[in-house]
Amino acid sequence: MPLWTIHHTPGTFTDEEKHRLAAHIADHYEQVGLPRFYVVTLFHETRPEEFYVGGEPAPVGVRIAIDHIARRTPDRESRRRTAQWVKGMLQPHLERNAGLHWEFHIDETSDELWMINGIAPPPAGSDAEKLWAESNSASPY
């Protein structure tokens, strides 16, 4: 399950832009085989007087924390590709904001500590996971 928590200053995104970005993120994960409903995106508007970079207020900023649970990157090169993949998803949505400070990081969490609707997700690439992706919902397997 990718969980994207996006902290941003006011005016960075309209409601429509939030929807487009969240859909764009889900599209990318779906293209690599994850069920769309695994992808959760949360937007948290943060006032500039509560958003500091280097100890100074940031008038326009975005800070994104991404938790990856469903998949892991096995080596340095895979992690580099994943970071570039995320950067490519974000750039079109963020570069239009002049003077915007933006950054992200990705944490990988054990899939053994994850459930959806009280069900441990099926193994990666299994027939059960493919069924979850096809139905876009969790079900016993």
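So, to start: which residue just after H3 takes a positive phi? Asparagine 136 does, at about 55 degrees. Before going further, keep in mind that what we have here is a predicted model.

Let me stay with H3 for a moment. This helix covers residues 127-135, and its buried residues are Ala128, Glu129 and Trp132. Now, they span an arc of only 100 degrees around the axis, so they sit on the same side of H3. Turn to the face that points away from that buried side, and you find Asp127, Lys130 and Glu134, which are exposed. And then, just past the end of the helix, comes asparagine 136 with that positive phi.

Okay, on to the sheet. We've got an open sheet of 4 strands, with mixed pairing, and the order is S2-S1-S5-S6. At the edges are S2, residues 40-45, and S6, residues 101-108, and each of those pairs on one side only. From one strand to the next, the twist averages 15 degrees.

Let's zoom in on S5 and S6. S5 is residues 61-68, it runs parallel to S6, and 8 bridges join the two. If you want a couple of places to look, isoleucine 66 stands opposite isoleucine 106 in S6. To get from S5 to S6 the chain goes through H2, and this β-α-β crossover is right-handed. The other spot is histidine 68, whose bridge partner in S6 is glutamate 108.

What about the helices that lie across these strands? H1, residues 15-31, lies across S1, S2 and S5, and runs at about 150 degrees to S2. H2, residues 76-94, lies across S1, S5 and S6, and its angle to S6 is about 145 degrees.

Last stop, histidine 8. You'll find this one in strand S1, residues 3-8. Is histidine 8 buried or exposed? Its relative accessibility is 0%, so histidine 8 counts as buried. And who does histidine 8 touch, once we set aside the neighbours within four places in sequence? The contacts are Phe13, Lys18, Phe43, His44, Glu45, Thr46, Phe51, Gly61 and Val62.

Technical notes
Residues are numbered from 1 along each chain as its sequence is written. This is a predicted model: local features need pLDDT of at least 70, side-chain atom pairs count only at pLDDT 80 or more; totals for chains, interfaces and linings use all residues. Side-chain values use heavy atoms; hydrogens and water are left out. Buried means under 20% relative accessible area, exposed over 50%, partly exposed in between (1.4 Å probe, protein chains only). The arc is that of the directions from the helix axis to the C-beta atoms. Contact means heavy atoms within 4.5 Å. Two strands pair if DSSP finds at least two bridges between them. Axes are lines fitted to C-alpha atoms, for helices over the stretch in contact, and angles run from 0 to 180 degrees between N-to-C directions. A crossover is right-handed if, with the strands pointing away from the viewer, the path from the first strand over the helix to the second runs clockwise.
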